[in-house]
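Me: I would like to learn how to read the features of a protein model, one step at a time. Could we begin with charged side chains and then go on to the helices?

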Amino acid sequence: MDIAIKMTLIASVILIGYNLSQLLTSYEGVCEKVKKFRSLAVDTNSTEKELWLSNTVLTGVLSSTFVVLTYLSGFAHWVVVVVAAKMAVTCYMSNLELSRIMKNDVVDQPFFRLTKVDAVANILFGIGVALILVAS
């Protein structure tokens, strides 16, 4: 088995696990995390721009790595484009969530539900990529 395929399988499992964790976190749990995050941001004198840049780099690097791994694993170009588009949506939503947290100190219920849909989609993408790799 090619090293890129093995790395993509590992990345898929990580994607599934992280998003499963996000999916199973309650609204109250998210609100508690938001309070801690805001407190840490204030304690470290972090600006919204610094937090946005850090979040963009982190989510961008992780998402780009997953997209590159799907490409190196031999997926059709259209599949890689679909995965890239899904990862771009996730990055956008992550930054939107950060912006809302910094402005409102909370995550509103409709947006919270939207993040759950994103987590389910990411889980399905991770499972799909892993199943295709294992089956081939």
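**Reading a salt bridge**

Reply: Asp118 forms a salt bridge with Lys86, and their closest N and O atoms are 2.3 Å apart; a salt bridge here is a side-chain nitrogen of Lys or Arg within 4 Å of a carboxyl oxygen of Asp or Glu. Asp118 lies in helix H5 and Lys86 in helix H4, so the pair ties together parts that are 32 residues apart in sequence. Helices are DSSP runs of H or I with at least four residues, numbered from the N terminus. The model is predicted, with local features needing pLDDT of at least 70 and side-chain atom pairs pLDDT 80 or more, while totals for chains, interfaces and linings use all residues. Residues are numbered from 1 along each chain as its sequence is written, and side-chain values use heavy atoms, leaving out hydrogens and water.

Me: Is Asp118 buried or exposed?

Reply: Buried means under 20% relative accessible area, exposed over 50%, and partly exposed in between, with a 1.4 Å probe and protein chains only. Asp118 is buried at 10%, and Lys86 is buried at 10%.

Me: How should I read the angle between helix H1 and helix H5?

Reply: Axes are lines fitted to C-alpha atoms, for helices over the stretch in contact, and angles run from 0 to 180 degrees between N-to-C directions. Helix H1 (residues 3-24) and helix H5 (residues 109-135) pack at about 155 degrees, with their axes 8 Å apart. That makes H1 roughly antiparallel to H5, a term for angles over 145 degrees, whereas under 35 is roughly parallel, 65 to 115 roughly perpendicular and the rest oblique.

Conventions
Helix = DSSP H or I, 4+ residues; strand = E, 2+ residues; numbered from the N terminus.
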